[in-house]
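Q: I have a structure open beside its sequence, and I would like to learn how to read a few of its features. Could we go through them one at a time?

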Protein chains: 2
Amino acid sequence: MTVSREWQLVRRPRGWPVPEDFRLAEAEVREPRDGEVLVRNLVMSVDPYMRGRMNDAKSYAAPYQLDQPMYGGVVGVVEETRVDGVEVGTTVRHGLGWREWAVVPARQLEPVDPAADGVPVSAYLGVLGMPGLTAWVGLHDIAEVRPGETMFVSAASGAVGSIAGQLAKIAGLEVIGAAGNAEKVAWLRDELGFDAAFDYHDGDVTQLLERAAPKGIDTYFDNVGGDHLRAAIAVMNPFGRVAACGMISAYNESHPGPDNLFQIVGKKLTVRGFIVSDHAHREPVFRRHVSGLLRNGRLAFRETHRHGIESALDALLDVLRGGQHIGKMVVDLG
Amino acid sequence: MTVSREWQLVRRPRGWPVPEDFRLAEAEVREPRDGEVLVRNLVMSVDPYMRGRMNDAKSYAAPYQLDQPMYGGVVGVVEETRVDGVEVGTTVRHGLGWREWAVVPARQLEPVDPAADGVPVSAYLGVLGMPGLTAWVGLHDIAEVRPGETMFVSAASGAVGSIAGQLAKIAGLEVIGAAGNAEKVAWLRDELGFDAAFDYHDGDVTQLLERAAPKGIDTYFDNVGGDHLRAAIAVMNPFGRVAACGMISAYNESHPGPDNLFQIVGKKLTVRGFIVSDHAHREPVFRRHVSGLLRNGRLAFRETHRHGIESALDALLDVLRGGQHIGKMVVDLG
């Protein structure tokens with residue numbers, strides 16, 4: 001009998017989640033039935049969108065059920081199989097994270113090949129996973145960036161922002177990034193090749209962006225909302241576009257919006273929200289493009305690894321707070 | 001020697017304009033030169049966008065110069081001509097309003113034919129003018145409305161909103177309007193055929209809209225911003241669109257924006273600002289469509305007329321305040 005630890009939501013957070021809203025429980029793992037496999041999870045994802053699942057409100061993300069295991073992206077190894085064509089030992093990505101073992105139906109399994117791609121398994125939760133696809137779709141399908149333009153990206157050292165910024169450079173744009181400390185800013189500027197980067201704590205974000213973008217910006221890849229969105233609208237050139245990918249500043253606290261929204265009219269701006277799951281059909285093109293860039297060493301990525309399922313909640317809370325980590329946050333379970 | 005009265009801006013308003021910011025001056029009218037005509041202005045337009053021209057800031061509308069005549073849409077009669085093909089007596093629309101007489105270069109003249117269209121000359125400043133084209137472009141090119149959808153329009157009894165709402169009905173939509181008093185609401189519901197309408201003073205705009213739109217809304221035609229924009233975002237269905245035509249709530253005072261902008265992401269909304277002058281190429285299609293609707297009695301319009309150039313400033317201030325007038329505000333000069 002296998003026992004698996006799993007995180008459950010026991011109370012819906014009001015505002016910032018606190019440890020008392022969650023429980024690390026133990027559950028017996030049942031045998032897989034026909035059409036299912038048993039997966040030993042190796043590495044799981046923690047992502048800002050998971051905050052939305054903790055609310056009961058209608059949202060693009062179905063809410064977590066109370067006293068049930070939470071879920072999310074994860075990569076693991078098939079240990080028992082009752083699915084034709086899926087062998088024991090196969091590395092798979094699926095959606096039943098936040099637990100050490102999972103019984104997964106065949107249609108949810110995505111086999112991955114880290115050896116062929118030359119990446120660690122965790123990359124399928126980051127640069128080759130949902131955050132990477134989010135960056136790619138936001139850039140090419142939502143903002144529809146063009147060479148020669150200037151793009152601003154917030155949370156630029158994060159899982160999505162760091163890929164969006166690099167992909168924009170590869171697409172021929174000038175890229176300006178905002179991040180939360182000097183080490184992150186140095187990484188953007190010195191290693192990822194951003195044309196400019198600043199620490200948003202260093203002053204008024206609008207003034208910081210004005211200084212970094214003397215010619216204005218044409219696109220803003222928004223992961224933050226709030227004062228970053230205000231700055232982008234203020235500095236944006238006519239017909240500029242905002243790809244609204246996330247507004248993490250608003251996930252836990254309600255804030256008034258920017259006071260300069262009327263400029264959306266005068267500057268003829270487009271603000272377009274998107275959720276990556278509506279764009280799953282772009283996965284093959286994305287995968288071909290980005291795995292090629294990785295093989296050619298044209299795209300860098302960083303990950304922050306926490307260890308053990310007991311650390312997963314803190315990892316998520318750090319992501320929501322915008323902590324000191326750089327790149328994609330994952331939790332190793334093995 | 002003809003003397004013309006004209007309004008000049010003498011000081012840039014801070015916040016709400018006050019009469020001391022303006023002067024009604026007299027100027028001698030010079031003779032037209034080759035390629036110019038002398039026009040006796042009959043009826044002039046006052047529009048919310050003119051507030052933007054009073055600022056020195058970079059904007060889509062070039063700023064009014066201090067101690068110079070203001071300008072804007074106007075219809076008049078040619079009294080002297082030095083342009084081949086333009087006869088004395090021709091009714092023309094041009095851009096040198098805020099004055100009784102104007103010397104106008106040929107390329108700025110648009111001859112109009114109120115007898116053929118069966119409308120008063122003032123209609124070329126309203127339903128067949130810039131506000132009508134704004135409504136048409138916002139609906140068909142920006143919001144890209146489709147039959148069966150539900151649209152919310154703010155300032156719905158105004159020059160743009162009343163046309164946008166009726167055109168949406170004609171396009172097969174359900175239409176909900178917000179306006180500022182019971183008479184306006186009754187006009188929308190009883191005469192223009194809106195499916196629902198409410199007075200935004202009657203409570204929280206979000207709650208009023210929720211009640212009026214139990215199935216949610218798919219498009220919002222925004223003339224107001226602020227609490228109306230908040231309500232629209234709250235009630236909008238996934239993939240909804242905002243045609244951001246104006247945000248009159250922000251023209252004279254700075255306000256924080258809505259506190260629910262993060263829903264732009266989760267609901268995958270698009271907010272698109274536009275300025276009608278970028279869409280002048282649509283004028284022929286618009287004119288054909290709307291003049292046909294007018295001839296067939298399918299489109300109603302109302303105008304509020306003020307009399308004498310001395311009343312023009314108050315007329316504009318009333319428009320900015322959202323006064324008791326219904327439909328397009330114009331000032332008769334003749």
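**Reading the chains, a residue and a helix pair**

A: In this predicted model, 28 residues from chain B and 28 residues from chain A take part in the contact.

Q: How much area do chain B and chain A bury between them, and which residues of chain B lose the most area to chain A?

A: Chain B and chain A bury about 2200 Å² between them, with 66% of it on carbon and sulfur atoms. On the side of chain B, the residues that lose the most area are B:Leu261, B:Val265 and B:Lys268, which together account for 23% of what that side buries.

Q: How is a pair of packed helices described?

A: Two packed helices are described by the angle between their axes and by the distance between those axes. Here the axes of H3(B), residues 130-142, and H9(B), residues 283-295, come within 10 Å and cross at roughly 100°; the two helices are therefore roughly perpendicular to each other. H3(B) contributes B:Gly132, B:Leu133 and B:Trp136 to the contact, while H9(B) contributes B:Glu283, B:Val285, B:Phe286, B:His289 and B:Val290. Of these residues, five are nonpolar, two polar and one charged.

Q: Is B:His94 buried or exposed, and which side chain does its own side chain join in a polar contact?

A: Residues count as buried under 20% relative accessible area, and B:His94, at 3%, is therefore buried. B:His94 is found in strand S5 of chain B, and its side chain makes a polar contact of 2.9 Å with the side chain of B:Asn41. A polar atom of the B:His94 side chain also lies 3.0 Å from the backbone nitrogen of B:Leu96.

How values were computed
Residues numbered from 1 in each chain as written. Chains lettered and ligands numbered in written order. Predicted model: local features only at pLDDT ≥ 70, side-chain atom pairs only at ≥ 80, totals over all residues. Heavy atoms only, no water. Helix = DSSP H or I, 4+ residues; strand = E, 2+ residues; numbered from the N terminus. Buried < 20%, exposed > 50% of the residue type's maximum accessible area, 1.4 Å probe, protein only. Polar contact = N/O pair within 3.5 Å; in protein donor to acceptor, adjacent residues only side chain to side chain. Axes fitted to C-alpha atoms, helices over the stretch in contact; angles between N-to-C directions. Parallel < 35°, antiparallel > 145°, perpendicular 65-115°, else oblique. Contact = heavy atoms within 4.5 Å. Nonpolar A, V, L, I, M, F, W, Y, C, P; charged D, E, K, R; others polar. Buried area = accessible area lost by both parts, 1.4 Å probe.
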